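The sequence and structure come first.

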Amino acid sequence: MTLDLTFELIALLFFVAMLAGFIDAIAGGGGLLTIPALMWAGLPPTVALATNKLQACGGSFFASFYFVRKGMVKLSDMKLSIACAFVGAALGTIAVQMIDPAFLEVFLPFLMLAIGGYFLFSKKISEEDKLQVLTPGVFAFTAALAVGFYDGFFGPGTGSFFALAFVSLAGYGLAKATAHAKILNFSTNIASLIFFAIGGKVFWMLGGVMLIGQAIGATLGSRLVLTKGTKIIRPLVVVMSIAMSVKLLSSQYDLFAWF
């Protein structure tokens with residue numbers, strides 16, 4: 001495809017990706033910034049989604065690397081969940097090419113509001129680990145697989161869904177849940193990128209530039225997760241959940257058509 005890539009446009013998308021990576025590392029939802037920016041730049045919707053997966057891989061990788069390096073995550077304990085999330089995302093990416101995902105738009109905004117409400121009002125959320133509801137194996141074949149499928153099929157709020165699953169089902173404290181969620185999100189991003197690439201939908205040059213921005217933002221955001229923990233994660237998850245709900249509702253019902 002042809003696109004007029006001016007220096008100003010590339011610089012703008014770079015900084016949008018950096019901000020998105022910062023937000024994604026803490027609470028998820030960075031796609032609210034990058035996907036509209038890519039479409040505004042002139043990319044068709046499918047190419048925008050595919051290119052977004054490429055740049056998102058940069059953010060999720062560097063955030064994951066930071067959390068692993070700091071000892072927040074032991075990859076050996078997550079092998080099954082990583083594999084299940086990968087398989088789920090691959091299946092979701094295949095399914096979205098055969099099934100209209102429009103039905104998800106009906107209830108997803110309300111689901112995101114529910115997640116925001118949970119993080120806002122639940123007294124169970126803290127830095128301390130709580131009672132584990134599911135064993136790691138059961139968690140992998142249920143939560144990791146299901147959220148992975150969702151990310152490949154649709155995508156918005158995946159980081160929040162993974163974090164919620166780790167808090168409510170694995171019993172993790174919020175900072176620990178955020179770190180582990182980013183590992184699985186990297187797995188699902190890679191799976192989706194592979195299948196988008198097979199379909200020839202990825203704008204590699206632009207996605208590569210944005211990937212660098214995502215990496216910088218994600219590294220900065222990851223540091224805040226470790227230093228600020230619940231103080232910053234909880235309110236940002238609530239804000240991003242509400243923002244995603246408003247975005248999805250406005251797209252579905254054209255709420256802001258008068259602007």
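Ile 94 is partly exposed, at 33% relative accessibility, where partly exposed lies between buried (under 20% relative accessible area) and exposed (over 50%), with a 1.4 Å probe and protein chains only. This is a predicted model, in which local features need pLDDT of at least 70 and side-chain atom pairs pLDDT 80 or more, while totals for chains, interfaces and linings use all residues. Residues are numbered from 1 along each chain as its sequence is written, and side-chain values use heavy atoms, without hydrogens and water.

Ile 94 is in helix H4; helices are DSSP runs (H or I) of at least four residues, numbered from the N terminus. Together with Val 87, Leu 91, Met 98 and Phe 149, Ile 94 makes a nonpolar surface patch of about 460 Å². Helix H4 (residues 79–96) gives the largest share of the patch, three residues.

Thr 178, in helix H8 (residues 174–198), is buried, with a relative accessible area of 6%. A polar atom of its side chain lies 2.9 Å from the backbone oxygen of Leu 174. The table gives contacts (heavy atoms within 4.5 Å).

| Residue | Contacts beyond four places in sequence |
|---|---|
| Thr 178 | Ala 25, Ile 26, Phe 67, Val 225, Ile 233 |
| Ile 233 | Ile 26, Leu 174, Ala 175, Thr 178, Val 225 |

Ile 233 is also one of the residues that touch the most other members of the largest nonpolar core, which has 41 residues. Apart from it lies another core, of 13 residues, including Ala 17 and Met 210.

Definitions and conventions:
Helices (H or I, at least four residues) and strands (E, at least two) are DSSP runs, numbered from the N terminus. A polar contact is a pair of N or O atoms within 3.5 Å; within protein, one must be able to donate a hydrogen and the other to accept it, and residues adjacent in sequence count only if both atoms are side-chain atoms. Patches are made of residues with over 30% relative accessible area and no salt bridge: like charges are joined within 9 Å, nonpolar side chains (Val, Leu, Ile, Met, Phe, Trp, Tyr) within 5 Å. Accessible areas come from the Shrake-Rupley method with a 1.4 Å probe; for residues, only the protein chains shown count as cover. A salt bridge is a side-chain nitrogen of Lys or Arg within 4 Å of a carboxyl oxygen of Asp or Glu. A nonpolar core is a set of buried Ala, Val, Leu, Ile, Met, Phe, Trp, Tyr and Cys residues joined through side-chain atoms within 4.5 Å.
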